[in-house]
Amino acid sequence: KYISRDFQSYGIWLAEELNDYKNRGMWIKLAKTNHRSVLEKAYSFVIDSNADNKIALFLWKLKQLKTENAKLKTSR
């Protein structure tokens, strides 16, 4: 299929960078539903680490960042 949106391109890029091309649909959905800055923070955290399972680490950090942002919004 054709890539016609920016979030699709970013999702494919994430899948390729994390060597998880078979689950590219999940990465595209994450790119569509989450803000780019949150995804980039999680990606930079994963790239700087020496973890064996970078996909699990990425998803964990993404969840952590999303809960931090939710707490900040409710405290305002």
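From the N terminus on, the elements of the chain run α-α-α-α. This is a predicted model, in which local features need pLDDT of at least 70 and side-chain atom pairs count only at pLDDT 80 or more, while totals for chains, interfaces and linings use all residues. Residues are numbered from 1 along each chain as its sequence is written, and side-chain values use heavy atoms, with hydrogens and water left out.

Me: How many helices and how many strands does the chain have?
Reply: Helices (H or I, at least four residues) and strands (E, at least two) are DSSP runs, numbered from the N terminus. By that count the chain has four helices and zero strands.

Me: How are H1 and H3 oriented to each other, parallel or perpendicular?
Reply: Axes are lines fitted to C-alpha atoms, for helices over the stretch in contact, and angles run from 0 to 180 degrees between N-to-C directions. The two axes come within 13 Å and cross at roughly 10°. Angles under 35 degrees count as roughly parallel, over 145 as roughly antiparallel, 65 to 115 as roughly perpendicular and the rest as oblique. H1 and H3 are therefore roughly parallel.

Me: Is Asn34 buried or exposed?
Reply: Asn34 is found in the loop between H2 and H3. Buried means under 20% relative accessible area, exposed over 50%, partly exposed in between (1.4 Å probe, protein chains only). At 12% relative accessibility, Asn34 counts as buried.

Me: Which residue has a side chain joined to that of Asn34 by a polar contact?
Reply: Leaving aside neighbours within four places in sequence, Asn34 is in contact (heavy atoms within 4.5 Å) with Leu39, Leu62 and Lys66. A polar contact is a pair of N or O atoms within 3.5 Å; within protein, one must be able to donate a hydrogen and the other to accept it, and residues adjacent in sequence count only if both atoms are side-chain atoms. At 3.4 Å, the side-chain partner of Asn34 is Lys66.
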